[in-house]
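Grab a pencil and take a look at the protein below.

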Amino acid sequence: MDIYRSIVKPLLFYGLKIDPEWAHHQSLQFLSWIDQNQSHSGINWIESQLRPSFCLSDVRLQQRLWGLTFNNPVGLAAGFDKDGVAARIWQSLGFGFTELGTVTLHPQPGNPQPRLFRLVEDEAVLNRMGFNNQGAVILAQRLQEKRQQQWMIPVGINLGKSKITSLEAAAEDYLGSFKLLKDYGDYFVVNVSSPNTPGLRSLQDAEQLSKIIEVLKTENTDNKPILIKIAPDLEWDAIADVVNLSQTYQLAGIIATNTTIKREGLKTQWLPQTGSYITEEAGGISGAPLKKRSTEVIRWIYQNTQGQLPIIGVGGIFNADDAWEKITAGACLVQVYTGWVYEGPGMVKRILEGLLQKLDQYGLKSISEAVGFKL
């Protein structure tokens, strides 16, 4: 029996109706406590019990990308562990990689609460967090301490622009964070696609984005992989501009996609927490409503680059079929967040088991053979 789906989720979502941000904070605090006390024998025992329940190891799921080994293609998306407080625990929950952040150069509290809402009928989340985080200095200090321990999975760092920094000074803001963190991330993501920082999405414009990439490339003497995370709401010509820029600067890849600001087709019409219609609420929507569009963007990028630009697919992944859809559309790796909240910690292992069944079904020897596979 899946305790989370049968007992915990009904209590959180329907019974107690606990505030989503409070629940997220409490979960992260617990995972952080395990992370910080791993040297204690009791905690070590707890973690050893996690692995058989949540982890699955199979050579067919492994890939080498950017000189990094990914034991499986399912990662935790940015936004869950913004400050890296539980950075080492994600490998014990079955993830093949994790992405910390979004982190900004300057610490910031984010937008006013309430700012996180479950749209249960839609299997979605509406968030307008606003890059709340403790800042790049604190994250660097924390990772410096944690990196003294053994890491088993690649760790990415998602970089955003500080709200107090003008759009004209955005490049220097991203550069400041990168300088502080470049020794601690296995790959880095330029996030110019969150809808919750005023004007941020305008930085997806090729001219603006090129300024950011140029300063990061100059500083990136160790050739750490740098990716761009794009919005699902871009028109095809704008996506083409980002793809062309990525190829021009020989970036490592693209993450497709961030949350959407569109509201079409939602079953949820209004938010009881605010008493407003969903169409009047600011923020980005993640989860099931994003699935189709994110897959379309992945497929377009893959086809228009002949599969030469690695893609991390994210948006609406709840099960193995969803992950398989993203991978066969052209994603080398996938990330989950909202699906993990809805489906619980057992979801990753279920996805991996399902992916292995798909490989057997189609006679494929490895997950890399499934990338862009024509069904």
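Keep in mind as you work that this is a predicted model.

**Exercise 1.** Work out whether the radius of gyration of the chain agrees with that of a compact globule.

*Solution.* Start with the chain length, which is 375 residues. For that length, a compact globule would come out near 21 Å. The chain has 19 Å, so the two agree. To picture the extent, the C-alpha trace spans about 55 × 50 × 45 Å along its principal axes. As for what's inside, buried residues make up 60% of the chain.

**Exercise 2.** Find which residues of helix α4 are buried, and say how they are arranged around the axis.

*Solution.* First, locate α4 at residues 136-146. Next, pick out its buried residues: Ala136, Leu139, Ala140, Leu143 and Lys146. These cover an arc of only 130° around the axis, so they sit on the same side of α4. The spacing makes sense, because an α-helix has 3.6 residues a turn and residues three or four places apart point the same way. Finally, look at the partners: the buried residues of α4 pack against α2 (20-36), β4 (97-103), β7 (155-159) and α5 (170-181).

**Exercise 3.** Is Leu11 buried, partly exposed or exposed?

*Solution.* Begin by finding Leu11 in helix α1, residues 3-15. Its relative accessible area is 43%. Buried means under 20% and exposed means over 50%, so Leu11 counts as partly exposed.

Technical notes
Residues are numbered from 1 along each chain as its sequence is written. This is a predicted model: local features need pLDDT of at least 70, side-chain atom pairs count only at pLDDT 80 or more; totals for chains, interfaces and linings use all residues. Side-chain values use heavy atoms; hydrogens and water are left out. Helices (H or I, at least four residues) and strands (E, at least two) are DSSP runs, numbered from the N terminus. Buried means under 20% relative accessible area, exposed over 50%, partly exposed in between (1.4 Å probe, protein chains only). The radius of gyration is taken over C-alpha atoms; the globule rule is 2.2 Å times the number of residues to the power 0.38. The arc is that of the directions from the helix axis to the C-beta atoms. Contact means heavy atoms within 4.5 Å.
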